[in-house]
Amino acid sequence: MSDLRDTTVSPADLAAAEPAATAPNQRHERASWLWLLNTRLVLGLIIIAIFLLGSFLLPFFAPHDPAQQATYMKNLKISPAHWLGTNGLGQDTLWYLIFSVRNSLILGIFVGLGISAISTAIGLSAGFIGGAYERIVMLIVDSFITIPLLPILIILGALIRGNNNFFTIGVIIVIFGWAWNARTIRSMVLSLREREFINMARFSGAGTLAILVREVFPYVSAYLVVGFINTILFAINTEATLAVIGLSKVDVPTLGSIIFWALNYNALFTGNVTWLVAPIIATILLFLGLFLTSTGFNAAFANKRGVA
Amino acid sequence: MIRLNNVVASYRTARGSINAVDGVTIEIPDGCILGVAGESGCGKSTLMKLIYGDVTSPMGLASGSIEYGFGDDKGRPITSDNIRDYWFNRISYIPQSSMNSLNPVVKVGKQFVDFPGSDPDKKRVLAQVRDYIGKLGLPVETLDAYPHQLSGGMRQRVMIAMATFFQPQLILADEPTTALDVVVQKDILLLLMELQEQMGNTILLVSHDMGVHYQVTTRMLIMYAAKAVEYGDSESVFAAPLHPYTKMLISSLPTIGDDSARDGIPGRPPSLWQDLSGCRFADRCPLATARCRAEEPALVEHKPGHWAACHYAGEMTARAEAA
Amino acid sequence: MAVILKTEGLNKVYRLGSLTRSREIRALNDINLHIESDRPVIVSVVGESGSGKTTLAKTLLRLVEPSSGRATIYDQVVAGAGATARGRAFLAAVQPIFQNPFEAFSRYRPVDAYLHETAIRVAGLDKAQANDAVAAALAAVGLDHADVRNKYSNQFSGGELQRVSIARALIPEPNLIIADEPVSMIDASRRMIIINLFRKLKEEAGRSFLYITHDLATAYYISDFVAVMSKGTLVEFGPAKDVMSNPQHSYTRLLLDSIPTTRTRWRPRGAKAA
């Protein structure tokens, strides 16, 4: 009888794995997160880190509540006392900007988490369980997808103008924003469902929940990270759009509300260009950071999978 | 006569350079069907690509040369530098997966006449093609169909028709029937053999199926870990293999009607990333001695027309017969 | 004598197309099998692509619902009307081995996680017993538990992974192991290691196998019984030796004729080159 024992798996054997049927390359000798790093991702993370740390830590040092009007002289130029000058309402532009970034980020992260949680739960379950459950859920998802968010928000904003809670906006964005991601996750799960290791897990005795969490989830996690960051972008963008039109709670400093006030107080005509330009540049940089991080993760995950 | 002179093909990767074909020197006589066998990773597909001239980065011909023995229309010799210009003309290639090689949105007939540099009178070429595929057992309607409308066997016949239409001197077939059912495989292989007889060209056939090699080929090349370990007439190689790997390879395949015990070859080929000295098969060879591990055996003609790279060539067969 | 496998009028019809215009594909056409034995057996189901052999395997594994008919494995009705085998009882009785060993394991989980899961959830063992069971199963297929522990699927070769797969299927001591083309993705020179393993497990561990394949040669090598399928229909069935040496159906004869063997040539050698 032949010796069934293969040569024990030694490092040499690992390197000699048959090329024809080997899974994409993974080097488990390296540190577990080093593969993530690429220029784009690092750059994006640095930008976001600056914004996050700046906007969350600096407020502790604010001399006054930046939203309080007439704290200083109006429309002062850039000076060592006011790094970005003051605006037409007598507020320090820089401090107002810092608080705005913080509030926009809080909103963005809140909405991002909300949408991610809901869309993941619904997408995973609908894709995997299938049958009547899936059909009903997808009907609901598709209905929500076709409802255009901005007109709804504009109508709601116009109706409850000024009286709405800042976080009501967030909740509404979550309600109308979860559907798209849910659909994407469901399609990913549909194709994963057919893969052999799901059957293997079934025959190993795993129940539906165990399969969803241990088998399916790791494969969608890459998308979830990217989706989360994109959602933050989407949320901040939507809120800013509303604020600029004046339909958000504009006394709360956000990136959009600065622009609203700047436009309403004719910043360009009074020569206070900084007031208008600073938030625009800040928004662009923040979005750039989020975009780079999102595509950086995407590229890192793709590299890990072995797709160029 | 096609000559491979110490051909070395290397792949350049982030980790360094690796020789997928490490010094193969053989002469392939005209008009034969040469079978190339070996396990996955042995270098047979890379060798095919080299001979075909499909050499793109990161793969490269690190050293050595290939002389094709046939010339162009003006009689000038063709070498590995300009072989690409003669694709489908003097040399052609039958791939494993016809579905991946035929354009799915173009009708088959149009793909035939779209060869660059072919006769500008497309209608005449089409008429010739119609005649030709009839001989290959394909109905004329094939030319008006899309690839997905044809069965696997018919598609492979189309590939063979394309590869042989211009009557090239050399045809390379890389696992041409692996994706086909066994009944269709037999038809395709018989077709190939018939065409070869009529045209008198040379066919290089790569297959993992030793049964296919036995049926179709006249000469055999066995490769192991980027080296050529045995080369000779098929009769000779199958009846009395000189290299222990060949013997074990043939014995690892069950045959209907044969009840003798069969064993897979335990272990795996050595990693080409290591520094390899001595015979590369030594770790898995039952005949291996210290000499094998220290000194790499050269490909030597142990019997007329039959080469093997082994210090103990022929011994395993002799022992088996004595037993 | 135990009824190892019995199918009665097993049918599977796929309907393609829309509500208004559709096409029927009969993947399984009235399959009637009856295999009885008091010793473990290896039954091969051979056929070409489209023969229905994989659909049959999927039906028996309850991955596909039959359109009509019934299937019984060791006195448990597993498919069709009145299927009594449910949940853990079924998993403990029937286990699969899949074709692509790299697809059979998740990239993100160590392969022995599946073995432990099977031992605990299907075989109902506690943690200590599970560890022993996993080690024993791996030893039975020629692998060392220490070499497998906490390794991921890409750290093994195809042959080794398939053996891990077989070890997992052994743990709950099932009545029947259904192997769907288990060696077609493994290098030809290493296939016999797995095939011989099936035979060894049948003789020493007393496991019965249903071996689905298109490779008649390996089927003949280890089977007690052979079933030949073509286009969804069972065309021939009998003891392996009989079917191979004295095929009754023309399709079986055609199949046997077409296999390239290393014994007799299809055509005599033409004039050899210089």
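**Entry 1: strand β9 of chain C**

I started with β9(C), residues 225-230, and found that six of its six residues are buried, so the strand is largely enclosed by the rest of the structure. A reminder to myself before going on: this is a predicted model.

Which residues of β9(C) sit on each side? I put Phe225(C), Ala227(C) and Met229(C) on one face and Val226(C), Val228(C) and Ser230(C) on the other, and both faces are covered.

Next I looked up the partners of β9(C). Strand β3(C), residues 42-46, pairs with β9(C) in the parallel sense, and I noted four bridges. Within that pairing, Ser44(C) stands opposite Val226(C). The other partner I checked is β10(C), residues 233-239, which runs antiparallel to β9(C) and is joined to it by six bridges. Here Ala227(C) faces Phe237(C).

How many residues lie between β9(C) and β10(C) in their hairpin? I found two, and Lys231(C) in the turn has a positive phi of about 50 degrees.

**Entry 2: Arg168 of chain C**

I stayed in chain C and went to Arg168(C), which is part of helix α6(C), residues 158-170. Is Arg168(C) buried or exposed? It is buried, because 30 other C-beta atoms lie within 10 Å and the cut-off for buried is 20 or more.

Leaving out residues up to four places away in sequence, I listed what Arg168(C) touches: Tyr114(C), Leu115(C) and Thr118(C) in its own chain, plus Ser204(A) in chain A. I also checked Arg168(C) against Arg207(C): they are 39 residues apart in sequence, and their C-alpha atoms are 13 Å apart in space.

**Entry 3: where chain C meets chain B**

I then turned to the contact between chains C and B, where 35 residues of chain C are in contact with 36 residues of chain B. On the chain C side, the elements giving two or more residues are α7 (191-205), α8 (216-222) and α10 (250-258). Which of these gives the most? I found that α8(C) does, with five residues. By class, I got 16 nonpolar, ten polar and nine charged residues for this side of chain C.

**Entry 4**

In chain B I looked up an open sheet of four strands, ordered β2-β1-β4-β5, with antiparallel pairing. Its edge strands are β2(B), residues 16-28, and β5(B), residues 77-79, each pairing on one side only.

For the pairing of β1(B), residues 2-13, with β2(B), I have ten bridges in the antiparallel sense. One of the bridge partners I wrote down is Asn19(B) in β2(B), which goes with Ser10(B). Helix α1(B), residues 44-52, packs on the sheet and touches β1, β2 and β4 (59-71) of chain B; the direction of α1(B) makes about 70 degrees with that of β2(B).

My other stop in chain B was helix α9(B), residues 244-251. I found eight of its eight residues buried, so this helix is largely enclosed by the rest of the structure. Among them are Lys247(B), Thr246(B) and Ser251(B), along with Tyr245(B), Met248(B) and Leu249(B). What covers α9(B)'s buried residues? My list includes α7 (210-216), β9 (219-224), β10 (227-233), α8 (234-239) and α11 (315-322) of chain B.

**Entry 5: chain A**

I finished with chain A, where I counted ten helices and zero strands. Of its 308 residues, 37% are buried. I also looked at contacts between residues at least 6 apart in sequence: 71% of these join residues at least 24 apart.

For one helix pair I took α2(A), residues 39-57, and α3(A), residues 93-129. Their axes come within 8 Å and cross at roughly 110 degrees, which means α2(A) is roughly perpendicular to α3(A). I have the crossing down as left-handed.

Which residues make this contact? From α2(A) I listed Phe51(A), Leu52(A), Gly54(A), Ser55(A) and Phe56(A), and from α3(A) Ile98(A), Val101(A), Arg102(A) and Leu105(A). Sorted by class, the contact has six nonpolar, two polar and one charged residues.

Notes:
Residues are numbered from 1 along each chain as its sequence is written. Chains are lettered from A and ligands numbered from 1 in the order in which they are written. This is a predicted model: local features need pLDDT of at least 70, side-chain atom pairs count only at pLDDT 80 or more; totals for chains, interfaces and linings use all residues. A residue is buried if 20 or more other C-beta atoms lie within 10 Å of its own, exposed if 12 or fewer, and partly exposed in between; C-beta atoms are placed from the backbone. Two residues are in contact if their C-beta atoms, placed from the backbone, lie within 7 Å. Ala, Val, Leu, Ile, Met, Phe, Trp, Tyr, Cys and Pro count as nonpolar, Asp, Glu, Lys and Arg as charged, and the others, Gly among them, as polar. Two strands pair if DSSP finds at least two bridges between them. Axes are lines fitted to C-alpha atoms, for helices over the stretch in contact, and angles run from 0 to 180 degrees between N-to-C directions. Angles under 35 degrees count as roughly parallel, over 145 as roughly antiparallel, 65 to 115 as roughly perpendicular and the rest as oblique. A crossing is left-handed if the near helix is turned anticlockwise from the far one by less than a right angle, and right-handed if clockwise.
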